[in-house]
Amino acid sequence: MNTHPPLSNIQARDVEALLHPYTPIHRLRETGPLMIERGKGVFVYDTRGKEYIEGMSGLWCAGLGFGEEELVEAAAEQMRALPYYHLFGAKGMEPAVELAEKLKEIAPVPISKVFFTSSGSEANDTQVKLAWYMNNAMGRPNKKKIISRQKAYHGVTIMSASLTGLPYNHMGWDLPVDRVLHTDCPHHYRFGHDGESEAEFTARIVQSLSDLIERERPDTIAAMIAEPVMGAGGVIVPPAGYYPAVKEVLDRHDIIMIDDEVINGFCRTGEWWGCQSLGMTPTTISAAKQMTAAYAPLGAVMVPEDIYQAYVDHSRQIGTFGHGFTYGGHPLGCALGVKAIEIYQKRDILGHVRSLAPVFAARLDALKQHPLVGEVRYCGLVGGVELVADKATKRPFDGKKGVGAQVAKILEGHGLILRAIGDTIALCPPMIITEAELNELFDRLEKGLADGEALVS
Ligand code: PLP
């Protein structure tokens, strides 16, 4: 029996017309979508006028919140001057140049060239193609496999979904494709053995990576891809020392490290880049989301000079560099990227994230007392609260119960939008959030968890 209120007119039109991403579409006709109409600062409002704190910055991307007039102005100005152009066939335009220069300036390692895409998935797809292209150019045609990790999220195109290590992205989709290997997820709480310290856990999973490479043969492996703090896999913060140890193994076998900064980049983790917070040394970098504060779609791949030179050699042999997207480097996205980075810098968003991070951490730590909470995890202003059936044994809830999703729904009732990743409730508020708003967010979260307790008891 449907116990939900009848759908409003706009909800009914929605379910008739749209196929919704990452949604249990078999139930959508009963629950209806939450229709958001407008936003201001950290708040969004639904079509019934109810206010929500958008505690996920949309999809980990609207880092400057909603209704930022400087971005709106920059967009309007660019649209008037040049609403569309491209970079194919040796064409160029200033917004793309400016943004590429800016990215080179702030990149965590020396970068020679920036390739623009329309999304994070396209950026990671491009990374794989570029690793193959590079190894073909270097006369290593067998060095093509890519190592990713269980629970990683790298996107949904055929290759990026293959890199993703989550069941929903593979089940029913005939994925992953060949040439993709998945190694251990660096989550000590979930995958550490009884009594195993973080250091012992790290040593074990890095050895397992090394064994995988030996088994598959190093001359068949091109790259490893890793997101420093694993966002959509459940906000997993690897143990200290994990990335340097991984890097040592990769360097031994001439395997490059692709750093997926799609969520982590642009101040989110308390540094400009997640790799800087976690001690990772990238070879190449993917960026998207907060690069434009999500006011327009844009992705980027950044590569160092030696790798770029391999593409040049190959282009010389083949006749051109045969890759590019119609909207890659769209002038609107690039103009917004330039403006967003300018705002991050002039308003010292990094300093603001750093000043709020201890408050964020303290309020998350306090949730550890809650009977449903198994672990809390955080880095900068991104965090996760893992709900468990039994705190002592870390026993998870039966996945079919959808406890995380039910709690997320309860939170909506309290005017808070967060995302359930399985039974982990993720938090990624706009980086402009004030301390008072952040405390209000946690007050609403605590109320929702209290209701959630009744739900499972
Ligand atoms: N990489 C990471 C780390 C992501 O979190 C995402 C999206 O959430 C992607 C890649 C894919 O980006 P997009 O959805 O723009 O294709």
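In which sense, parallel or antiparallel, do strand 5 (residues 145–149) and strand 6 pair? They pair in the parallel sense, over 4 bridges, where pairing takes at least two bridges found by DSSP. Strands here are DSSP runs of E with at least two residues, helices are runs of H or I with at least four, and both are numbered from the N terminus.

Before going on, a word on the model: it is predicted, so local features need pLDDT of at least 70, side-chain atom pairs count only at pLDDT 80 or more, and totals for chains, interfaces and linings use all residues. Residues are numbered from 1 along each chain as its sequence is written.

An open sheet of 7 strands runs in the order 4-10-9-8-7-5-6, with mixed pairing. Its edges are strand 4 (113–117) and strand 6 (180–183), each pairing on one side only.

Let's step back to the whole protein. It has 17 helices and 15 strands. Of its 457 residues, 45% count as buried, meaning that 20 or more other C-beta atoms, placed from the backbone, lie within 10 Å of the residue's own.

Finally, turn to the ligand. Of the 15 residues around it, S119, G120, S121, G155 and V262 come nearest; a residue counts as near if its C-beta atom, placed from the backbone, lies within 6 Å. Helix 6 (residues 120–137) gives the most to this shell, with 3 residues.

Note on methods:
Buried ≥ 20, exposed ≤ 12 C-beta atoms within 10 Å, placed from the backbone.
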